[in-house]
Amino acid sequence: MSSARSAHILHLGVLGLLFAAFFLLPAYHQGNLARILVLAVYAMGYNLLFGYTGLLSLGHAVFFAAGMYGLGLAMHLGGATPAPAFLAGMIAALLVAGVIGSLALRTVGVAFMIVTLMFAQAGYLTILYFGTYTRGDEGFVIPQTARALWGFDLTDPTNRYFAALILFAVVLLFIGWLVNTSFGRSLIAIRENEERARMLGYDVQRAKWIAVTLSGLLSGMSGAAYALLFGYAGATFASVQYSILPLLWVLLGGAGTTIGPLVGTIFMFYLIDFASEVTSAYMLVAGVAFVLLTLFAPTGIAGELRRRALPWLP
Amino acid sequence: MTKAIDQKPSLTRRKTLKTLGAGALAASVGCYVQAQSSAPIKVGFQVHRTGIGAAYGRWYDRTTQAAVAKINAEGGINGRPLEIVAEDDGTDPKRGAEVVEKFATQHGCDIAFGTLFSHVVFGSSPRAGELKLPYFVVSEGHHVASGKLNRYTLQPGITDVKSQVQAMAPYVAETLGKKVTMIYPDFAFGHDHRDYFSAALEAQGGEVIAKIAIPPTETSFTKYFPKIPRDTEVIYHVMVGPAVLTFVKEMGEFFGPSKPQIFGFIDSLEAVDLSSPGLEFLEDTYFWEGHPRYAQANQTEYDKTYRAAVGVDNNGASISDPKDVSTYAHMFGCWETLHIVKAGMEAADYQGPGDRSKLIEAVEAMTDMPASDAHPQGAKVFNGRTHQVFGHQYISRVEGGKLVLAHTTSIEDTLYEDEVDYTTQSF
Amino acid sequence: MDLGPYLLLASLEGAITASILALTAVGLSLVFGVMRVVNVAHGEFFMLGAVASWFVATYLGTHPAIGFIAALLIAPLLVGALAATADWLVLRRINYDPERTIVATIGLLYILQQGTLMTFGPDARPVEPPFNQRLAIPWPSFEGGFHLTWPWGLGTTSYKLFIIAAAITILFGLWVLMSRTKIGLIMRATQLDRDMAQAFGIPVERVYALVFGLGAGLAALAAVLIVPVQQAHYLMGGDPLLLSFIVVIIGGLGSLPGTVIAAVLIGLSDGIISVFFSPTLAKILATLLVALVLVFRPQGLLGKRIA
């Protein structure tokens, strides 16, 4: 069996499992999983740039927020319905990512980290600065009545779960397909050795720009979906910690693997959720877990699986 | 996680109450035939244990535990004890929403309650509405009364920023001066101060001559003070977050001996000891207080009882550690909210989650709340249409390093026109 | 306030920011330069310095000056030792892999924050400065003959001036350490070529632990200096981390003089831009300025372009 084929089977298996999970899990975990699936899209977007292209950004929150506010403001101020508002969110993220990408890619390595961090910080402050429209840190609620897509009430737990699952599935299959195209292989070539990729005739700069833009777009879709499904947009989601989170999810789950982002997002959510039931010092537990993971599973959970048991893992 | 009741060594009064209450509870439980009806009423308590709101969260927790102990000692609600299920929201709107969901679907809570920071309220409220979980917030934000939330979100235990701010304008204009410079944080809470105070001051014939919005996370402030116009008669300041003490200190250093009148919201110094080094210059300045931190000459019996129950001394600090200053101007809201929940559940004959809408209707029907052990901060009037309570506001002057009550506003001063009627929304 | 005095005041405030930032960032720059890892917990070492300073001052309970001097000695040593231990236990074992170091130091950040929250509590706690006189600053005026005026609000405190002097002294001391001592030579050799250094018998692992401890100690020292102005709080490490991270990159990776110059530039521009714009807009502009400096000079101010 070819590895592309087994990857395909794996992806469909994961999606089947997630489909079944809805009917097996109690309400609380259904709700959590809906959230996780939306955030995993953010992690997958991040992984495209970090895990596959080897570019470490510290400013992805600005893309997530661009999607969130693109959709949120279109509905809140413009009175748009969810479908065009979602499109507005995607366009906002695409523009922000395109512009930031073209500037930030003049730098490499740590300078790239700082430039993306600074642009994200400027974005966060801009949301506060235009508090008249955005309501700054407090944010705004998208009313329950407005959150219906083509007649489906997205505040209903079943509809919400499957909307999240469909978004997740589309992005997962897209990434699974993308990394096997020649473009996807050129990204991996850049990650492995940028100089050699250039020698081999790849237009490295262009490929990197497409990767940033695409990654920003996926992050923005996650932000827009989050606002739509959970009814809230606020500046907190543009703050530094929301730029660090996808990095953490991807590193914990396994960078450069297709299912790593999902694994990492689930792992971190439940780590905090369980630990906070046991002790109020749950951050301590999370901290120790991170340290242990770096010591004993250096390539993340899915990465470790690939290394030890399943070498075909995409 | 079920929170064990916070043990404080010196609360003999509470221990007595507990013992008495255990007896009363046993007696009242005996009256009920069904075992189910003696099951505890579960209150999901969203608490800022970590993050920027942790200083508030700790005192909200203590006040809540004290209120629960009192209510249970007096026989609980409809003979059933209250049980607090506390979860940290990390002062983060995303986690806040997850916690509300956990209360409803995992813990099976009857209601959710507690949070202070308004972005957490905004983040959580949509989930509470969708899950049809009554959500009693203690946040002092204008979010509830502005109509931006939903029928399941109520704020019956603490007044909102709009009414607080507009009630200050007459006193500021008449007693302190008419030309005001405002310094406030550049986010929604600060913008509410800016907008509502400017309007209210103009109505009093005064004028806000400069508005200085400080970005959050700023840690040094001196560079902004020259933006204060020279002819300022009154400085109006309100800051939140860990840098508040620096802000107040640097303001003192900036003005030196020639300071204008200074009026601040105690939020700028909540949980901060007024005798901290560098705060000497606050002598003779004024503060809004939601509830006077220092026991006043005319202290009510209700305040005395409440103070003792929570474990706060006459200076507003913890009985066990005089350096541990409470968030006295806000935390009474937890105490009063839980008493309103009790009154509402008893009026609605609340039996379980099926009666949630009856509970909300019962609270909406409330109006006058006279000062009492249940309302130690003072009398209040609840507006069922806007889901917001209104009450007296206090203005204190710093005298000899203590806050001394200088003025109490009427409730009428705090009222404004309704911006929403939640009772017309369906459940 | 007139523009002239305002600019002076803003520059003075900027200089204080710059002093603290320079110390913190030089600590990060050392770690970055020698070990080539991003220490996300660097801000937490800064926070621990402030917290340790509060504990020392409170438990000595004597005159603020004695508490301050004690804290100046004890806090950096304690924090440095803690950091060196963390390096030995964790970073050494993951071979200073850049990505794993990020996760490990984020873990360390969580542990330190939560540990502080549980022992020190959530409040912002002040430490009394050893001395603190308010100094009014004169401004020359030429109206009706030359004379000095005392503009309203133009002033600083003796302690704030002391911070600037102390930072300069410490930085000078560090320069002597790096350029004139054997240990400095060893650190520079390790920075230039780790393998070569090892071949020459330099115990690289121990040098790394030393550098990590020294970097954290510098951050703690900066915090001890600033805490009489700013108070200790368990979340205070975020900003120093971001700012010193920026300063290190703007200065040019691994260049200590570059780091100091960048700290001065960023501190001063933060103060001076705030004169001309509304506060939040000033922050946005200052942030974009940093980004654009790097976009057009990716190697930083004093860094060498990597081919």
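In chain B of this predicted model, strand S6 (residues 179-185) runs parallel to S7(B), and the pairing covers seven bridges. Within that pair, Val180(B) sits opposite Val208(B) of S7(B). Helix H6 (residues 188-203) of chain B packs on the sheet here, touching S6, S7 and strand S8 (234-237) of chain B. The direction of H6 makes about 165° with that of S6(B).

Zooming out, S6 and S7 belong to an open sheet of seven strands in chain B, with the order S7-S6-S8-S9-S10-S14-S15 and mixed pairing. Which strands stand at the edges? They are strand S7 (207-214) and strand S15 (402-408) of chain B; each has a single partner strand, so one side of each is left without a neighbour in the sheet. From one strand to the next, the twist averages 25°. As background, strands of a sheet pair through backbone hydrogen bonds, either parallel or antiparallel.

Arg151(B) counts as partly exposed because it has 19 C-beta neighbours inside 10 Å, and the cut-off for buried is 20 or more. Setting aside neighbours within four places in sequence, Arg151(B) is in contact with Ile360(B), Tyr422(B), Gln425(B) and Phe427(B). Ala371(B) lies 220 residues away from Arg151(B) along the chain, and their C-alpha atoms are 27 Å apart.

Finally, the interface between chains: 31 residues of chain C are in contact with 30 residues of chain B. The elements below each supply at least two residues of the side of chain C that touches chain B.

| Element of chain C | Residues |
|---|---|
| Helix H1 | 3-35 |
| Strand S1 | 134-136 |
| Strand S4 | 155-157 |
| Helix H8 | 204-230 |
| Helix H10 | 256-276 |
| Helix H11 | 279-296 |

H1(C) gives the most to that side, with five residues. By class, the side of chain C that touches chain B has 14 nonpolar, eleven polar and six charged residues.

Terms used
Residues are numbered from 1 along each chain as its sequence is written. Chains are lettered from A and ligands numbered from 1 in the order in which they are written. This is a predicted model: local features need pLDDT of at least 70, side-chain atom pairs count only at pLDDT 80 or more; totals for chains, interfaces and linings use all residues. Two residues are in contact if their C-beta atoms, placed from the backbone, lie within 7 Å. Helices (H or I, at least four residues) and strands (E, at least two) are DSSP runs, numbered from the N terminus. Ala, Val, Leu, Ile, Met, Phe, Trp, Tyr, Cys and Pro count as nonpolar, Asp, Glu, Lys and Arg as charged, and the others, Gly among them, as polar. A residue is buried if 20 or more other C-beta atoms lie within 10 Å of its own, exposed if 12 or fewer, and partly exposed in between; C-beta atoms are placed from the backbone. Two strands pair if DSSP finds at least two bridges between them. Axes are lines fitted to C-alpha atoms, for helices over the stretch in contact, and angles run from 0 to 180 degrees between N-to-C directions.
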